[in-house]
Amino acid sequence: MTTNPFDADRPPERPRGARRRGGRNGGRQRRDESVMVPDVEFQSYYGRNIVKAPPWKHEIPAYLFLGGLAAGSGLVGVGGAARNLPRLRRGGRIAALAAVALGGGALAKDLGRPERALNMMRTVKLTSPMSVGSWILAAFGAFAGLSVVTEAGRELPDQDSLLAKTLRVADPPATIGSALFSAPLAAYTAVLLSDTAAPTWHESYRELPFVFVGSANAAAAGLALVTSPTDENAPVRAMAATGAALELGAMEVMKRRMDPLLAEPLHEGTAGRLLRASELLTAGGALGALLFGRNRAAAVVSGLALMAGSALTRFGVFEAGMESAKDPKYTVTPQQDRLEERRARGVTDDSITTAR
Amino acid sequence: MGFWNNQLSGPTDPIADAAWEEPQPRKGFFTDTSICIGCKACEVACKEWNAIPEDGLGLLGSSYDNTGSLGASTWRHVAFIEQTSERIETARESGRRLVDLGMPAVRAGGAGAPSGLNGARPGVDSDRTADAVGARGAAGTAGVTGEAGPARGATVDPTGDQAAAVAQANTAAASGTIPDFRWLMASDVCKHCTHAACLDVCPTGALFRTEFGTVVVQDDVCNGCGYCVAACPFGVIEKRQGESTVKNLGVAQKCTLCYDRLGAGQTPACAQACPTTSIKFGDLDEMRAVAHERVETLHANGFTEARLYGADPNDGVGGTGSVFLLLDEPEVYGLPPDPRVTTADLPDMFRKAGVAGLAMLALAAASFLGRRR
């Protein structure tokens, strides 16, 4: 290479040959040793990300939590209605409406054009989890609202009035509607994250719905532990324990089954810290609820821990996916590996790069 | 069922799938990076025609690239990569490996490699020896000669300066010399995928498939949810941010393949402005054919590092509407090596979510039914 005085401030060249993993220029090993290709350093375009992280701010993980809380609370309300536990029924219904309203508000606030929020109802699109989710959210919100209205009908002074009678008739449909749309509301948010190019979110699509529904049940049970008296809280203590167990178990399976590189953002940095704290809070809250839930103070503390744990799970998973989109190694390395793996199997007709 | 099978992945005709009553031939780009000179006329023409706002003036310290990447206000982006002989050799080797793999294999029982390539093979093989012996550093020192030089020159039409260039290329290929430095320049653009993830996940229907098979955002419908940004496997589309005076603020923006110009039978601004014909525009079938021809010519001249990107309808996005000829691995240019439309897995995702939803109901029901008060 020629040099002249103008080249003097040329930036230092990157070291070659050495294989590195991690950081902006992690290396990788070819699997097929028989092919006479020297080990290639992991290449990127000036370390820039390939896929883009979505422009979502903290409203989105907040919604993930609130949506789950609403869905679980809906089920608490339904359970309370079915087993005639008035405090749970009322608490669950009010919590479901409040959480779904706050969550919907958070979603609208995060839009680039909040005044066009209703454009979500412009079409029904099965290929868009966000479209499907908008309809689920709208339907759940409607039934949650109706449930609170029928609940208020029970407090009317004149129970023989036409209004009171109408509301009594509307009560079972409201309950059934809440029950039908609660599970989709809790589960679709996992599909929402997974149906993206953010490597860690997409890779987690098999287990993430289980993490999220577990987390939803645990959070709602936590809220019910805080709001309901101890003589009614036996069902929600069980719900807290089973929900937390599902969340923790699914998260563990997810981390183990994922490509270790793509699981890395779940262990490291902010996301790693959030998820570790979430595990402790969820496990502690569930144990507390199960063992000491008959004590009012212990029930409240356990309930708060469960809600905090659920919120941190959502923020942690959110953060991990954002990180995985920002570093090109999470995009390039797994793609190269699966390409190599297919080529090693002799599949050479489905690559985007072709020799002719 | 055939119709539904190809709606999320695999080769298909997106215009027919979008049920256009008067479909046009699918339009596309062929960006031949081997003749890009990095003038950025495409970036400028695009900005000007589409009235894209300024989005930052600064020096990024990445060669001559000061736009960084495709985004809401950068619909054409010229990448600059500086490489020394070692990297060039690696690129040549990896391209040769693609040739050796015979990609893409012909899927439905056809013949093997086309004759043009077969003709070049002996020469290519002799290059390998030559590269191994000679290449590093000073030009023209390795005295190894290949036998296929003249035969290869036959596939191109040597006129004027091109003859000299071909002769030079032949000498380089035959003697195994590799320049000690090269600049890769590539004008990147929206891929207008056959299976466009951005379009699939758009909840408002703001993104749509045009009669030309391209993917376009309706500025007045998009509410800026940002889902398309997360879904694009190439990181093309982005939500526009900036001052409150900026046009289409908070709305997802990307290349429209100059939808307005196409409607009037015009060439997109970037292709029209390109002074070297590096950016070619036309019917996608034709673009693919030109791309195949060009890569064969380059291979025949010993440039085994040449390869196509996006020309295979069997790839993870069903083939792209923008085909590229690259001179190194895609990731070097900031392109994903094996992109897959995320919605290809969507049925499975919904299935898993369905099971999870049932598990949620079951756990809640058990908690309430299984206990006394």
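Modeller: Happy to! Where pLDDT is low, the predicted coordinates should not be read in detail. For the complex, the predictor gives an ipTM of 0.88 and a pTM of 0.85.

A word on conventions. This is a predicted model, in which local features need pLDDT of at least 70, side-chain atom pairs count only at pLDDT 80 or more, and totals for chains, interfaces and linings use all residues. Residues are numbered from 1 along each chain as its sequence is written, while chains are lettered from A and ligands numbered from 1 in the order in which they are written.

Now to the sheet. Five strands form an open sheet in the order β1(A)-β9(B)-β10(B)-β1(B)-β8(B), with mixed pairing. At its edges are β1 of chain A and β8 of chain B, each of which pairs on one side only. Helices (H or I, at least four residues) and strands (E, at least two) are DSSP runs, numbered from the N terminus, and two strands pair if DSSP finds at least two bridges between them. Strands of a sheet pair through backbone hydrogen bonds, either parallel or antiparallel.

Let's step in at β1(B), residues 27-32. This strand is mostly covered, with six of its six residues buried. A residue is buried if 20 or more other C-beta atoms lie within 10 Å of its own, exposed if 12 or fewer, and partly exposed in between, with C-beta atoms placed from the backbone. B:K27, B:F29 and B:T31 point one way from β1(B), whereas B:G28, B:F30 and B:D32 point the other way.

β1(B) has two partners to follow. With β8(B), residues 279-283, it pairs in the antiparallel sense over five bridges, and there B:I279 is the bridge partner of B:T31. With β10(B), residues 322-326, β1(B) pairs in the parallel sense over four bridges. Here B:T31 stands opposite B:F324, and B:F29 has B:S322 as its bridge partner.

β1(A) and β9(B), residues 307-309, pair in the antiparallel sense over two bridges, and A:T353 has B:Y309 as its bridge partner.

Next, what surrounds that crossing? In total, 81 residues of chain A are in contact with 86 residues of chain B. On the chain A side, the elements that give two or more residues are α1 (59-82), α3 (129-153), α4 (162-194), α6 (208-227), α7 (234-257), α11 (328-344) and β1 (353-354). α4(A) gives the most to this side, with eight residues. By class, the side of chain A that touches chain B has 41 nonpolar, 24 polar and 16 charged residues. In this count Ala, Val, Leu, Ile, Met, Phe, Trp, Tyr, Cys and Pro are nonpolar, Asp, Glu, Lys and Arg are charged, and the others, Gly among them, are polar.

The two chains also meet in a nonpolar core, meaning a set of buried Ala, Val, Leu, Ile, Met, Phe, Trp, Tyr and Cys residues joined through C-beta atoms within 7 Å. The largest such core has 189 residues, and A:V213, A:A240, B:C198, B:C228 and B:C232 touch the most other members. α6(A) gives the most to this core, with 14 residues. B:C198, not counting residues up to four places away in sequence, touches B:L207, B:V215, B:C228, B:A231, B:C232 and B:I237.

Chain A has 11 helices and one strand, and 56% of its 356 residues count as buried. Chain B has 13 helices and 10 strands, and 53% of its 373 residues count as buried.

How values were computed:
Two residues are in contact if their C-beta atoms, placed from the backbone, lie within 7 Å.
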